[in-house]
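Open the model in your viewer and keep the selection tool ready. The tour goes stop by stop.

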Amino acid sequence: MKLLVHPTYFPSVSHFVAMAKADSLVYEMEDNFQKQTNRNRMYIYSPNGLQLLNIPIKHSRDAHQRTKDVKLETAFDWQKQHFKSLEAAYRTSPFFEYFEDAMMPIFTKKHTFLMDLNLETIAIVTKCLGMKNEFDVTSEYFHEVPEFDDYRYLANGKKDTAVFEPYTQVFGDKHGFLNNLSILDLLFNEGRFAPDYLKNQQL
């Protein structure tokens, strides 16, 4: 399977299910940025249930801006806010402390471009999961890509209807199982068991 996906911010579980099954991986680099997609957001399981973490970006005057050209808004300390939210959500999970240091570059380093940040989140998680981080990138945008398994739609959470087997979540007793959150939810709760979980799921 030759997989084509958008690099998103700490991608969803479905994104990594597709990656775990892929023979080769290609990242879409030539798409136009779309608001309200996972390109600059992720969902986590907070003490109050589902929580959206959104990265502020600098909006361009151009009607169509390439995702790879999108810059991060530095006027807000979103990194500190996101890390605090992750702590509140996962500090008591079995593997948060184990992977905490690995995640810190995302919340301490100043990136200029959203794409660079997203690629780093994926690189960090794939390393934590023991997966290879080998990929190619596109050099031109095509609507139809018959030579690929096109999973670019996973970047738009509304189009991603995958349902996965429940695993133990920190606040599961309170709110029940929340499906297909950011990969961080699976990583912090399942740790070394996460790769097997990903391979056993179907998209």
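How many of the eight residues of helix α6 (residues 183-190) are buried? Select the helix and check: eight of the eight are buried, so α6 is largely enclosed by the rest of the structure. Buried means under 20% relative accessible area, exposed means over 50%, and partly exposed lies in between (1.4 Å probe, protein chains only). Helices (H or I, at least four residues) and strands (E, at least two) are DSSP runs, numbered from the N terminus.

Before moving on, note that this is a predicted model, in which local features need pLDDT of at least 70 and side-chain atom pairs count only at pLDDT 80 or more, while totals for chains, interfaces and linings use all residues. Residues are numbered from 1 along each chain as its sequence is written, and side-chain values use heavy atoms, with hydrogens and water left out.

**Around α6**

Show the side chains of α6. The buried residues include I183, L184, L186, L187 and F188. D185, N189 and E190 are also among them. Now display what they pack against: α1 (13-21), β3, α2 (78-90), α3 (96-108), α4 (114-129) and α7 (194-200). Contact here means heavy atoms within 4.5 Å. Then step past the end of the helix to G191, which follows α6 and has a positive phi, near 55 degrees.

**The parallel sheet**

Select β7, β2, β1 and β8. These four strands form an open sheet in the order β7-β2-β1-β8, with parallel pairing. The edge strands are β7 and β8, each pairing on one side only. Two strands count as paired if DSSP finds at least two bridges between them. Zoom in on β1 (residues 2-5) and β2 (residues 24-27): they pair in the parallel sense over four bridges. L4 stands opposite V26 in β2.

**T138**

Next, select T138, in the loop between β7 (136-137) and β8 (149-150). Is T138 buried or exposed? It counts as buried because its relative accessibility is 12%. Leaving aside residues up to four places away in sequence, T138 touches L4, V26, Y27, E28, M29 and E30. Look at M29: its backbone nitrogen lies 2.8 Å from a polar atom of the T138 side chain.

**The hairpin**

Move to β3 (residues 41-46) and β4 (residues 49-54). The two strands pair in the antiparallel sense over six bridges. They form a hairpin with two residues between them. Find M42, which stands opposite L53 in β4.

**Salt bridges**

Side chains of opposite charge can pair when their charged atoms come close. A salt bridge here is a side-chain nitrogen of Lys or Arg within 4 Å of a carboxyl oxygen of Asp or Glu. A search of the whole structure finds nine.

Start with R39 and D31. Their closest N and O atoms are 3.0 Å apart. Both R39 and D31 are buried.

Go on to D150 and R152, whose side chains meet in a salt bridge (2.9 Å, N to O). D150 counts as partly exposed, at 31% relative accessibility, whereas R152 counts as buried, at 7%.

Finish at E97 and R91. Their side chains form a salt bridge at 3.7 Å, N to O. E97 counts as exposed, at 59% relative accessibility. R91 is partly exposed, with a relative accessible area of 30%.

How values were computed: Polar contact = N/O pair within 3.5 Å; in protein donor to acceptor, adjacent residues only side chain to side chain.
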